[in-house]
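This note sets out, point by point, what a new reader may look for in the structure shown here. Please read it alongside the sequence and the coordinates.

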Amino acid sequence: MLHEISLTVNGDHHAIVVRSHHTLLQVLREQLGITSPKRGCENGECGACTVLLDGLPVNSCLVLAPEADGAIIETTEGLSAGGELHPLQEAFIQHNAVQCGFCTPGMLMSSKALLDRNPHPTEDEIREALVGNLCRCTGYVRIIEAIQDVAGRGEEG
Amino acid sequence: MHPYDYCKPTSLGEAFQHLTSPGKVVAVVAGATDLIPRVRDGVFHPDLVVDVKGLPRLRDLTVQAGTGSLFVGAAIRMNELARSELVRSHWSVLADAAASMGNEQVRNRATIGGNICTASPAADTAPALYVLEGLVQIAGPGGERQLPVADFITGPRKTALRLGEIVIGLVLPRPPDGTVGAFEKLSRRQAGDLSIVSVAALAIPEAARPSWRLALGAVSPTPLRAAESEAILAGDLSDEAIDRAAAAAYGCCCPISDIRAGQEYRQAMVINLTRRVVRAIISRMPADPPCC
Amino acid sequence: MAGETNHPVGKSVPRVDALEKVTGAAQYVDDMAFGPGLLYGKLVHSPIAHGLIRAIDMSAALALPGVKAVVTGQDAPRRLGLYLKDRFIFAHDRVRYVGESVAGVVATSEEIAERAAALVHVEYEPLEPVFDPYLAAQSGAPLVHPDLGSYEVVNFIFPEPGTNISEHFRLRKGDTEAAWPRCATVVESTYTLPQIQHAPIETHIAVARWDPSDEITLWAASQSPFAQRDLLAQSLGVPHGKIRVISPYVGGGFGGKAGISIEANVALMAGAVKGRPVKVRMTREEEFIATNVRQSLVAKIKIGCDADGQLLAMEVTYYFGGGAYNDYGVNIARAAGYSCTGPYDVPNVKGDSLCVYTNHPIGSAMRGFGMPEIHWGIEQVMDLLAERIGMDPAEFRRRNCVRTDDTILTGMTMPRIDLVACIDKVTRAIGWGSQPAPSAPNKRRGKGIAIMWKAPAMPPNPGSSAIVRFNEDATLNVYVGGQEIGQGAFTVVAQMAAEALGIPYEWVRVSANPVDTKYSPYEWQTVASRLTWSMGNAVKAAAEDARAKILDIVARYWDEDPTDLDIKEGVVVSYRSEREQPLQKMVVYGLPNENFEGWQGGPIVGSGKFMPTYVTGLDPDTGQGTRAVVHYTVGAQAVDLEVDTETGAIEILTIASAYDVGKAINPDLVMTQIEGGAVHGMSSAFEGLRFDQSGRPINGSFVDYKIATAKDAPRAIHGDIVETPLEDGPWGARGVGEHVMVQTAPAIANALYAATGRRFTDLPLSSEKVYLAMHPEGPELSCELPDKDPPGA
């Protein structure tokens, strides 16, 4: 079955036709060409598909396409507004929080959501917030440092 | 994945019609965090999913005037429970349980209605709902009814829902002031994992000594109250009594060996987690409780 | 100039790929667009572990609208394999593990392909399977490869036809039998570990297009584009020049995307729909069992030392569970064989390292390549010996570890390394010798140490090559065939090119995304922690080649001697005349003569290669030879942990690591490898693929195969870099990407012993195992337990 939905992605409004059983991840990647959310497990475990939906981090692989009607979606592509990197993106670069990069878009969205909700998280709170973003390369060390750096500077998403 | 249709009714009547469509496999979807993996696994092939997030009352999180009970709409999400000051005010054991589930992303979608309707023996919110003696508000073509949550979950992944019925929400009576609760969940990893054993308990102030409610998860076909343990704790809170209560908890459940843990370990953890939860509550009870 | 980094080698300059990756611009294979004509493929997997294929009925699948083709093993009867040709692209006449690809369906959408795959009906005649490598190695075990004797094999691998042994490496040094009586104490023990999976966040994926002209293009997430081209050429019978493999950024490899897994399958499927691209992506569940895994191991170790703690003799038999196909795994057994003692100077050694066929997933290259597997047991027996003779475990290792110029077990002279310095660093960092109190009455705390070594395990002639060329603005493009899999390869390449030429780091562009066998210079594989050393040498040579050409041109231009000239900060300078010539423009256009009467020079292109020339063969009966390997990297790790006695839960407090990398080209990137490796190593101690009695996987998804999350990672990871230059390393550098996780599991086991007094010989660890080992009688209770119904009630 087909549904007409409209959604805003990184500030751009889209009116599109989606299939009932497709996921938001499929819509973003295959219909809108937004490829930063990745297919990692498609089961809500790895977080590589994390996007912000109405400001909250969710696994886009577990959102049905029609459920995204009326939603405001943010992905990594939208983090650098006006050509300037988001403080988290800068911090990820400076702290070498990126290795293979496949988990990075999901990590950035979870990190942004965390700081939006809790501008000065403890290390425990950061680790808890990232449980749903698996990384096999970094050991999470620099990712946590980057978030602490941005939090410490008082800059938020 | 087999294709399926989607609808989002705005009235209960509309919902009932979809749910009773003849010849169709129809499922309710709220958070989709159970549905989509099950369809992907090939264990479930719906023809139609009915999104209940647009129905009245399902997104309510309110205190009922008069009774002071908390109404939690079925489509309230885990993180909304975990982070709600209202829920934490008198029903914090539920907030703790919700916070232990899955990961941040899943908790932003998974709902309490989905959790109890999936009715996994390891359902994270169930032990808390059992000790809070929650009532499940059900609506169907034949009208509305309420069931104690312990009667709602009837077996592993089985509920008392009849064809066409949906869960509107949960009614959680307000525990008396001074009630202390605790929840512990043991899993293979520190977070982001299904439960091996979980224990929720409340100590409720009474005239003479507190009464106790204790519920176990992941160690029986359904979550269950450990009635014998409760009786022991109501009479005595010495170390020896706590041991007896833990032994009684061990006695009342029947853990199995599965992919997450073996039976022997689960049995030992029922004992140790029960003791931990009871001690945690005792340590937070008011200074002059009658505790001997 | 501001913002420019000169002499970048040794400096922690920012990664060249970070910006692309944080903006979401970085493309992986799944992100590439192939247009609306793209077809999708799905593999059909065997549901049984061992059996003959009696019939394949694809009629129902082909009848499904949208299905374009179904391909089976009958379509490609040529064997392939990296070191041993024991595989077919699709199962040919039999299946040997649950998950083996039996057919491939091509359709117009992933959904249709998936449905069609379920409609392919395969009739099997089950054969008796064998799963345990020790049992599989015994005579009378069911034979997984009855035709082993007919397989092509390289001349340094020795399969035993008529058995399940695909490789048997023998190491004989000295006389162990004569040495045992001289030992003050002898320990004999068996250690086991299951198969584990790499679990890269990006699963295996490939897109192939087979043109009507029989040119094949393959886009793959690949650590080995050139090796894959080679294997495709062999197995498809298509010349190398007609095959092109393209690989963009890889979302994590860890060895799993080395060698070959699904790539030939996809190419073959594309061959059935010539002219149309076909994409196959492994789901996470397929990734776990139908791509590659790390081999399992049953290790029998006997070891003895004298009363002073000097190691005298060591006897090991390693039974590697190679899985159903051992084309790559045979070299793991070999590598484990020639390094079978671990990083120790042992005068008498008897080692047998076997790669054994089992009806389990394919054991292939995984980070460490046999070293994590064997160090699990080795580092624990060392602690056992130390305890027996009353010596501190760190001191025991200082006494016995390999040193520069030692004659090691193969008869090779140990190149320059400093393992003692690594031990010293980690013992200092972890506070070795001090016993801090546990954090709560129900906790136990302990520290453990483990050391390691590993050599790059390669054929004797693995080559690297590089090309550099300038743009008009004097920025430099560097072409390499090595892959960026997260380890920072592109960054160190840019650093080395800049350093060798004398230009700022920021002027270098690494043109290797994607690596493309049509344009990139040859690189054997991105494995073995070899790129910094081998590809680095090639890059250095290419940059020096370009530099020499530039100096030659300018020297002639100035009528000076090139030896008086240098390039500094992108400017040619003469030490004699103090003249200067910026590189801009001249590196493309050359230099005009006076009055523009002619020109000199022209576009500058430099090329370089590196291939080790000194690796010798090893005696097949004794494993002795002049130079078994190119070099070793060594390191140490110490772990501080707590155990919750009530649940058995293990909390790793600190991991301290130190590795001798020769020269840290980018110190911070070495640190990020140390950090990631510590967590990967820790996680690997708790991981294990599980199978039922029939060989079916039961935890092949992230739901029940758990990898470390941000909450599981230790709070403190400490790293130290030791720099003992490698003789033929660029600026002395050697690799470290794998070494950082080799010994974490035994370090944890040793710390667990210190904390609990219990020794764990079989991975994976778990809270359950630890709890039950500490409480065989169950929880301590002041009362009796009630009678329980029988289990299952």
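The points below take up the basis of the model, then chain B, then chain C.

1. **Basis.** This is a predicted model, in which local features need pLDDT of at least 70, side-chain atom pairs count only at pLDDT 80 or more, and totals for chains, interfaces and linings use all residues. Residues are numbered from 1 along each chain as its sequence is written, chains are lettered from A and ligands numbered from 1 in the order in which they are written, and side-chain values use heavy atoms, with hydrogens and water left out.

2. **Chain B as a whole.** Chain B contains 12 helices and 14 strands; these are DSSP runs numbered from the N terminus, helices being H or I with at least four residues and strands E with at least two. Its radius of gyration is 19 Å, close to the 19 Å of the globule rule for 292 residues, so chain B is as compact as a globular protein of that length. That radius is taken over C-alpha atoms, and the rule is 2.2 Å times the number of residues to the power 0.38. The C-alpha atoms of chain B fill a box of roughly 60 × 45 × 30 Å along the principal axes.

3. Of the 292 residues in chain B, 60% are buried. Buried means under 20% relative accessible area, exposed over 50%, and partly exposed in between, with a 1.4 Å probe and protein chains only. Contact means heavy atoms within 4.5 Å; among contacts in chain B between residues at least 6 apart in sequence, 60% join residues at least 24 apart. The accessible surface of chain B is about 10,400 Å², and 53% of this belongs to carbon and sulfur atoms. Such areas come from the Shrake-Rupley method with a 1.4 Å probe; for residues, only the protein chains shown count as cover.

4. **Helix α10 of chain B.** Which residues of α10(B) are buried? In this helix (residues 227-235), they are S229(B), E230(B), I232(B) and L233(B). Seen down the axis of α10(B), the buried residues fall within an arc of 165°, so they line one face of the helix; the arc is that of the directions from the helix axis to the C-beta atoms. An α-helix has 3.6 residues a turn, so residues three or four places apart point the same way. The buried residues of α10(B) pack against β13 (211-217), β14 (224-225), α11 (239-252) and α12 (263-284) of chain B. A227(B), E228(B) and A231(B), on the other side of α10(B), are exposed.

5. **G155(B).** This glycine belongs to strand β8 (residues 153-155) of chain B. G155(B) is buried, at 5% relative accessibility. Setting aside residues up to four places away in sequence, G155(B) touches A119(B), P221(B) and T222(B).

6. **Chain C as a whole.** Chain C has 18 helices and 29 strands. A compact globule of 793 residues would have a radius of gyration near 28 Å, and chain C agrees with its 28 Å. Buried residues account for 66% of the 793 in chain C. Of the contacts in chain C with a separation of 6 or more, 78% are between residues 24 or more positions apart.

7. How many of the 9 residues of α7(C) are buried? In this mostly covered helix (residues 263-271), the number is 8, including E263(C), N265(C) and M269(C). L653(C), in strand β28 (residues 650-660), is also buried, with a relative accessible area of 19%. L653(C) and P714(C) are 61 residues apart in sequence and 5.4 Å apart in space, C-alpha to C-alpha. Beyond neighbours within four places in sequence, the contacts of L653(C) include R445(C), D640(C) and P714(C).

8. **Backbone points in chain C.** Most residues other than glycine have a negative phi, and most peptide bonds are trans. A cis peptide bond joins N513(C) and P514(C), with omega about 10°; P514(C) lies in the loop between β19 (508-510) and β20 (515-516). Another cis bond joins L763(C) and P764(C), with omega about -5°. Phi is positive at E578(C), near 65°, and at F596(C), near 55°. E578(C) is exposed, with a relative accessible area of 68%, and F596(C) is exposed at 61%.
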